[in-house]
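Subject: Structure handover

Hello,

The structure we discussed is below, with notes on what turned up in it. Please read the notes alongside the coordinates.

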Amino acid sequence: MTWLYIVLAVLLVLILLGIPVIRALCFRPKKEQTYPDFPVQCDEKKAVSDLAEMIRCRTVSDTDESREDEAEFEKFERLLPRLFPNVHKACEFTKLGKRSLLFRWKGKDPSVSRVLMAHYDVVSVEQSLWKKPAFDGILEDGVLWGRGTLDTKGTLNGILQAAETLIGQGFVPQNDVYFAFSGNEETNGSGAPTIVKYFQEKGIRPALVCDEGGAVVDKVFPGVSAPCALIGIAEKGLCNVRFSVEGKGGHASAPPAHTAVGILSRACSAVEDHPFPAHLSKPAEELFDTLGRHSSFAYRLIFANLGLFRGVLDSVCKKSGGELNALMRTTVAFTQMSGSKGMNVLPAHAEMLANLRIMCGESVESCVQYLKKQAGDDVRVEVVYGMDPSNVSQTQGEAWQMMKKAVSQTWKEALVAPYLMLACSDSRHYGEISDHVYRFSAMALSKEERASIHGNDERIPTEKIVQTVHFYLRLISQF
């Protein structure tokens, strides 16, 4: 009977090996709804020149407001009525607080409302590292240079250009449309929260909110060669944590066995050597299920059998770091460290700071407890600033279909997929009043262009400025 057992064992192994293969073979793209062409036009020269004028407003926000140039923000506000007279004629404008600009475009049926967002403040620049002046709005060889072209005056321009065009054509939306612009997003300011509070007081629950976030990108998902349009349906939380140790100070010639800096270094290594456990959130799960079906067979084998290969995927993520790893877990990035001011002086106090991006399903409190466990009893761990992850928006229903339709009609070759936004945006505040908050920067961005956001030489080709307007024309036309 020995041979029979051997045959049965071989058959069992083949079956066990065959099931994942069969699942991978069946893990094919789902049938997607096709959308008819929707040709649109706009004044392309105006779109480019208007954005250039916006760039020339140095609306740099700072956590220290005394370092901001308020005249530049006022200059930007005065610019909008001149550039978009139709919008200011057809829409009710309300300034809520210092940096909250709200336009209401009344629809035929005000019982439903939708919100298009952007921010008009920008981060600072180190001009010596730029090839062109950052605030001159220089147009050269079909490229517009300047801080804010991508983040996010380009989006704000796209929204208002589309509205200006449609109003000029006599279009009236079926439902109310709000344009909500904040001037202190980069500093986690009160601009967006003030607008959300206004909506709450008015009992307004938007059926769709669209803010900055994902984009149309290439080669970001393993095994997929087609461009991918990533729409954020949630964003990770943010937490800055201080680790500190009190030392005895004194002369460095007779140090203790472990100095305050040494204890902190050991804590740093312990945290980095024990990353947060991997967690497959709903946005990541939907991303893998959507784009994984378009991957090469080797990757489909993994994504079709995540229960079997999750450990392999986790190991790859830990070793590689980067965006894929950040998609799977709460990340910790140590960014600052300080000790004594003298090279031969033991520090009486040493500290280091870490920036956490918190995975859906976790919280500031749970993350701090984990860090305390890893850092040890000799290290004090405290929160400097923190906010929990956003709510997760729905990927079913009218709002999601509107987004998909406008994206697919603008970038016909792109695969549309939900994803988890790793950075933070103003849109997180809208989770209090809507289950349909989507994060999509309406641009096709190269790796180099994405790196220029908050970096050097931020710029945008003029055809992408026009594409952004086209996207909003198609989206608003559904409203």
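Thr-152 sits in the loop between β5 (143-145) and α5 (153-168); helices here are DSSP runs of H or I with at least four residues, strands are runs of E with at least two, and both are numbered from the N terminus. The peptide bond that joins Asp-151 to Thr-152 is cis, with omega about -20 degrees. Most peptide bonds are trans.

This is a predicted model, in which local features need pLDDT of at least 70 and side-chain atom pairs count only at pLDDT 80 or more, while totals for chains, interfaces and linings use all residues. Residues are numbered from 1 along each chain as its sequence is written, and side-chain values use heavy atoms, with hydrogens and water left out.

Two residues other than glycine have a backbone angle to check. Asn-188, in the loop between β6 (175-182) and α6 (191-202), has a positive phi near 55 degrees. Its relative accessible area is 34%, so Asn-188 is partly exposed (buried is under 20%, exposed over 50%, partly exposed in between, with a 1.4 Å probe and protein chains only). Lys-219 also has a positive phi, near 55 degrees, and lies in the loop between β7 (208-217) and β8 (228-235). Lys-219 is exposed, because its relative accessible area is 75%. Most residues other than glycine have a negative phi.

Next, the helix pairs. Axes are lines fitted to C-alpha atoms, for helices over the stretch in contact, and angles run from 0 to 180 degrees between N-to-C directions. Angles under 35 degrees count as roughly parallel, over 145 as roughly antiparallel, 65 to 115 as roughly perpendicular and the rest as oblique.

The axes of α2 (residues 44-55) and α3 (residues 70-83) come within 10 Å and cross at roughly 165 degrees, which means that α2 is roughly antiparallel to α3. From α2, the contact (heavy atoms within 4.5 Å) takes in Lys-46, Asp-50, Glu-53 and Met-54, and from α3 it takes in Phe-76, Leu-79, Leu-80, Arg-82 and Leu-83. These residues divide into five nonpolar, no polar and four charged (Ala, Val, Leu, Ile, Met, Phe, Trp, Tyr, Cys and Pro count as nonpolar, Asp, Glu, Lys and Arg as charged, and the others, Gly among them, as polar).

For α2 and α15, the axes come within 9 Å and cross at roughly 105 degrees, so the two helices are roughly perpendicular to each other. Here Glu-44, Ala-47, Val-48 and Leu-51 of α2 contact Thr-462, Ile-465, Val-466 and Val-469 of α15. The division is six nonpolar, one polar and one charged.

The axes of α3 and α5 come within 11 Å at a crossing angle of roughly 30 degrees, and the pair is therefore roughly parallel. Phe-76, Leu-80 and Leu-83 in α3 meet Lys-153, Leu-156, Leu-160 and Glu-164 in α5. That contact has five nonpolar, no polar and two charged residues.

Last, the cores. A nonpolar core is a set of buried Ala, Val, Leu, Ile, Met, Phe, Trp, Tyr and Cys residues joined through side-chain atoms within 4.5 Å. The largest has 93 residues, of which Phe-179, Phe-181, Phe-288, Phe-440 and Phe-471 touch the most other members. Helix α15 (residues 462-476) supplies the largest share of this core, eight residues. A second, separate core has 23 residues, including Cys-239, Val-245, Ile-358 and Val-381.

Regards
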